[in-house]
Amino acid sequence: MKINQNQLAKVNGVIEKQHQQAYSFVARQLQDVGVDVPHVLDCLRSFQVAIPSWALGAGGTRFGRFSIAGEPASLEQKIDDVGLIHQLTQTAGAISLHIPWDIPDDYEAIKQQAAELHLKFDAVNSNTFQDQPNAKESYKFGSLSNVSEHVRQQAIQHNLDVIQIGNKLGSKSLTVWLADGSCFPGQANFQTALQNTEDSLKQIYKQLPADWGMLIEYKPYEPNFYSTVIQDWGTSLMLANACGDQAYTLVDLGHHLPNTNIEQIVSTLLLKGKLGGFHFNDSKYGDDDLTVGSVKPYALFLIFNELVYGMQNNKNNPDLAWMIDASHNVKDPLEDLIQSLEAIQEAYVKALLVDQKALKKAQIDQDVVLCQEILHQAYRTDVRPLLAQARIESGGALRPIDAYRKLNVRNELIKLRGKNTVATGL
Ligand SMILES: [Mn+2]
C-alpha cells in the first residue's frame, strides 16, 4: 500500500500554522547565534538510515513472540513497509537485507519496487548463528571460528553467497556478526577460535568486490555467556586490519557492557579511518534492542557529537552505513521505527548545533564548565521544528506518528494482509 499524498497533505494542513510559528521561532534563534539553518536542513535531508528487513514484524523476546496483525509475509511486503516509513519520515531511504531470511525470487522486480519507493539496498547481513534447513553442518559450536574445517567452509561459502545476492541488488557492504563463542570455561581454546576466525574472514575478504566494504560487528556476550570470539571493538579492529583496507569495524550501540564509553570508541575508530557502520538501538541492561533514544538520549547525543566531528575532520573514514537494529514486542513495529528515526535525527541535529570553534577554545583554555555549557546549549535546543520542516519540504509528514495513526495505516495493512501473517526472522 502507498499513502495517498492528498490525504497526507490534509493531515499536515491541520497543524501547518502551529508548525510554521514554532519553526520560525527556532530558526530565528539559531540564526541569531550564527547557525546556517538551510545547511542544517540539507544535512537532515541527506541523512538516510537503513531499516533492516527483520524489524518490520513483531520482534521476539528471548522467550516468545506476540505477533502483530498485518505483518509483512514476504520480502515485497517488507519493502512496502519501509516505503511507508520513508514516505512519512523521508529519512528511511534504504533497506538492509538479512540472508537467508530475505532472498529475492525475482531480482529485477525487487529492484524496481525499491526504486519506485526511493529505497536503496544497504549492507547485506549474513547469518551463521542458526542452522538452516537441509544444511550439512551445524553452527551449534560456532561458524567461522569452529574447530571443524567443514563447518568453517560452509560458513565462509554462506558469506560469499550473501555477497553475490547483495551484488545483484546494488548493495556495497557485507556485515558479519558472529554468535561464535563459548558458554563455559574450557569449552573453547581462545587462541584457536580467534585464529580460525581471522583465517575465515580473510577468505571472505579475498572475494569482496573492489567497491565493497566488509563490516565486522562485535558483541561481548549472548548467545554465548562465557566468551564471544569477537567480543569488543579492539578485536574487531584487529581483524579488520588483518583483512585489509576494505574491512571496518561496525559499532552496535547495544553490544557493549554497561557504562562503556561508546562515544570514545567511535572517536578512536574515526581517527583511524576504520568506522564502517553503525547500528542504532537503546538499552538499559544489555543488548535490549529498545527504541533508539528511549532510555539514554543524552548518551546518543554525545555519540553523535563524535560522529559529526569525525565526519567533518576524518576524511580518511568512509561514509558510514547507518542502520536501526532494534526489536520490539509491545509496539507496532512501524511506529517503533518512526520513533527511532526521529530520535536519531534529533541527536544528529543537536550535534550539528555544537559550536565546535567555541568548544575547541574552551578546551584549550581548560575551561571545563564552559565545555559542558557548550554541549548542553546544543543538547537543550528543541530541534523538533527543524526535523518537521525538513520532512515537509521533502513531502513527508509534519508529525509522522500522528499521521500514521490518523491515516489508519495499520488497519489498512490488516485489511490487505490479514491478522495472522508472520514476518520471517527471529
Ligand atoms: Mn547489530
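Visitor: In strand 7, what is the bridge partner of W177?

Guide: This is a predicted model, in which local features need pLDDT of at least 70, side-chain atom pairs count only at pLDDT 80 or more, and totals for chains, interfaces and linings use all residues. Residues are numbered from 1 along each chain as its sequence is written. Strands here are DSSP runs of E with at least two residues, and helices are runs of H or I with at least four, each numbered from the N terminus. Five bridges join strand 5 to strand 7, the two running parallel, and the partner of W177 in strand 7 is E217.

Visitor: Is strand 5 (residues 173–177) largely enclosed or open, and how many of its residues are buried?

Guide: A residue counts as buried if 20 or more other C-beta atoms, placed from the backbone, lie within 10 Å of its own, as exposed if 12 or fewer do, and as partly exposed in between. S173, T175 and W177 point one way from strand 5, while L174 and V176 point the other way, and all are buried. Strand 5 is therefore largely enclosed by the rest of the structure, the number of its buried residues being five of the five.

Visitor: Which residue stands opposite T175 of strand 5?

Guide: Two strands pair if DSSP finds at least two bridges between them. Strand 4 (residues 124–125) is joined to strand 5 by two bridges, and these strands run parallel. The residue that stands opposite T175 is N125.

Visitor: Is N189 buried or exposed?

Guide: N189 is found in the loop between strand 6 (181–182) and helix 6 (190–206). Its C-alpha atom is separated by 38 Å from that of L56, which lies 133 residues apart from N189 along the chain. Because N189 has 12 C-beta neighbours inside 10 Å, it counts as exposed.

Visitor: Are helix 3 and helix 4 roughly parallel or roughly antiparallel?

Guide: Helix 3 (residues 75–89) and helix 4 (residues 107–116) pack at an angle of about 15 degrees with their axes 10 Å apart, where axes are lines fitted to C-alpha atoms, for helices over the stretch in contact, and angles run from 0 to 180 degrees between N-to-C directions. Angles under 35 degrees count as roughly parallel, over 145 as roughly antiparallel, 65 to 115 as roughly perpendicular and the rest as oblique. Helix 3 and helix 4 are therefore roughly parallel.

Visitor: Which residues in helix 13 does helix 1 meet?

Guide: Helix 1 (residues 5–32) and helix 13 (residues 384–393) pack at an angle of about 125 degrees, with their axes 9 Å apart, which means that helix 1 is oblique to helix 13. Residues are in contact if their C-beta atoms, placed from the backbone, lie within 7 Å. On the side of helix 1 the contact is made by N12, H19, A22, Y23 and V26, and in helix 13 these meet P385, L386, A388, Q389 and I392.

Definitions and conventions. Two residues are in contact if their C-beta atoms, placed from the backbone, lie within 7 Å.
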